[in-house]
Amino acid sequence: MVQESHLTIRDLIYPVFVMEGSQTKEEIASMPGCYRYSLDLLLDEIAAAAELGIPAIALFPLIPYDQKDNAGTESYNPQGLVPRAIRAIKQAVPNIVVITDVALDPYSTEGHDGIVKDGQILNDETVAVLVKQALSQAEAGADLVAPSDMMDGRVGAIRAALDAEGWINVGILAYSAKYASAYYGPFRDALDSAPKFGDKKTYQMDFANGREALKEVALDITEGADMVMVKPALAYMDVIHRIRQHTNLPVVAYNVSGEYAMVKAAAQQGWIDEQKIVLETLTGLKRAGADLILTYFAKDVAHWLKG
Ligand code: PBG
């Protein structure tokens with residue numbers, strides 16, 4: 001009766017990995033229990049998530065190396081893996097919300113979220129490509145596009161382009177406070193997208209900064225974000241809490257790959273109780289102020305909450 005925070009299945013967003021091929025799935029070594037799926041098998045996985053009551057998925061592609069280049073050209077191919085996946089998902093599982101990632105890293109030979117020149121990331125040139133990527137996703141049927149690249153000005157540019165092309169009902173989930181984090185390691189294994197040189201500190205945030213997150217959120221809101229995200233989640237609960245005080249938009253927390261991997265590793269050793277740890281962690285994110293949580297545990301949590 002006096003419980004203040006509640007974790008429900010409707011709070012969950014399930015991130016999934018898609019690859020080319022058929023009838024195959026590959027377990028990600030650093031994320032036991034998570035797979036890259038060929039599109040046909042992914043549809044079954046998403047149907048199962050919808051059946052459990054999970055309201056949304058976030059889609060991430062594994063792009064073959066020969067389709068990568070510095071400018072991420074494949075990212076806006078209308079017949080590319082992501083647009084094909086969106087169309088198939090919308091047809092097979094029409095009642096699940098499809099969120100797509102807007103960033104160049106899976107498509108970049110450099111493994112960066114932007115175009116690289118002389119060892120630097122070109123912000124404005126990258127934004128122009130991100131706009132094309134977002135439009136190709138909207139055209140394929142994405143419900144929300146989610147720029148995760150942290151280029152300046154991308155939310156405003158994407159909003160303007162979506163509106164100009166008539167995609168007025170496609171929303172933007174902005175990765176607003178995204179930190180340059182070691183917690184993304186397993187995800188980069190999953191997509192073969194680790195940076196080939198340097199790190200992402202010139203565009204992702206310094207993990208020592210909290211006030212800067214409020215600045216980034218304020219900019220994204222002014223530019224037209226419909227939801228704002230904090231990523232990673234666990235080392236940044238104070239940031240989630242501060243952003244919750246700062247905006248009435250939905251606040252989304254991304255319980256990232258490294259957070260998943262740590263729990264899995266300890267659970268496999270028998271050192272912790274996986275179910276209890278996950279439910280405590282995700283409820284903690286709700287208490288901190290998150291409305292929605294991206295988590296690779298989404299299906300497990302849905303099973304556990306159903307009891
Ligand atoms: C890249 C992107 C990353 C994640 C989501 N989108 C990795 C990165 O920024 O290097 C990480 C997700 C996770 O670790 O679970 N645009």
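A residue counts as buried when its relative accessible area is under 20%. S75 has a relative accessibility of 3%, so S75 is a buried residue. Keep that idea in mind as you explore this structure, which is a predicted model.

**A buried serine**
- You can find S75 in the loop that runs between strand 4 (56–61) and helix 2 (81–92).
- A polar atom of the S75 side chain lies 2.6 Å from the backbone oxygen of G72.
- Leaving out residues up to four places away in sequence, S75 touches L104, Y107, V129, Q133 and S136.

**The nonpolar core**
- The largest nonpolar core holds 109 residues, and L59, I89 and I243 touch the most other members.
- Helix 3 gives this core its largest share, with eight residues.
- L59 is in contact with V16, V18, L42, V82, A85, I86, I89, I99, T100 and D101, once its neighbours within four places in sequence are set aside.

- Just after helix 4 comes G166, which takes a positive phi of about 90°.

**The largest pocket**
- The largest pocket contains about 280 Å³ of space.
- Its lining has 18 residues, and those nearest the centre are I121, K201, T202, Y203 and Q204.
- Strand 7 (120–122) and helix 6 (211–223) each provide at least two residues of this lining.
- By type, the lining of the largest pocket is made up of six nonpolar, seven polar and five charged residues.

**The second largest pocket**
- The volume of the second largest pocket is about 190 Å³.
- This second largest pocket is lined by 16 residues, with Y14, G33, C34, E45 and Y296 closest to its centre.
- Strand 1 (12–19), strand 3 (31–38), helix 8 (257–268) and helix 10 (298–306) each contribute at least two residues to the lining of the second largest pocket.
- In that lining, eleven residues are nonpolar, one is polar and four are charged.

Notes:
Residues are numbered from 1 along each chain as its sequence is written. This is a predicted model: local features need pLDDT of at least 70, side-chain atom pairs count only at pLDDT 80 or more; totals for chains, interfaces and linings use all residues. Side-chain values use heavy atoms; hydrogens and water are left out. On a 1 Å grid over the protein atoms alone, a cavity is a set of points where a 1.4 Å probe fits but cannot get out, and a pocket is an open set with protein on both sides within 12 Å along at least five of seven lines; lining residues have an atom within 4 Å of a point. Grid points are joined across faces, edges and corners, and a volume is the space filled by probe spheres set on the points. Helices (H or I, at least four residues) and strands (E, at least two) are DSSP runs, numbered from the N terminus. Ala, Val, Leu, Ile, Met, Phe, Trp, Tyr, Cys and Pro count as nonpolar, Asp, Glu, Lys and Arg as charged, and the others, Gly among them, as polar. Buried means under 20% relative accessible area, exposed over 50%, partly exposed in between (1.4 Å probe, protein chains only). A polar contact is a pair of N or O atoms within 3.5 Å; within protein, one must be able to donate a hydrogen and the other to accept it, and residues adjacent in sequence count only if both atoms are side-chain atoms. Contact means heavy atoms within 4.5 Å. A nonpolar core is a set of buried Ala, Val, Leu, Ile, Met, Phe, Trp, Tyr and Cys residues joined through side-chain atoms within 4.5 Å.
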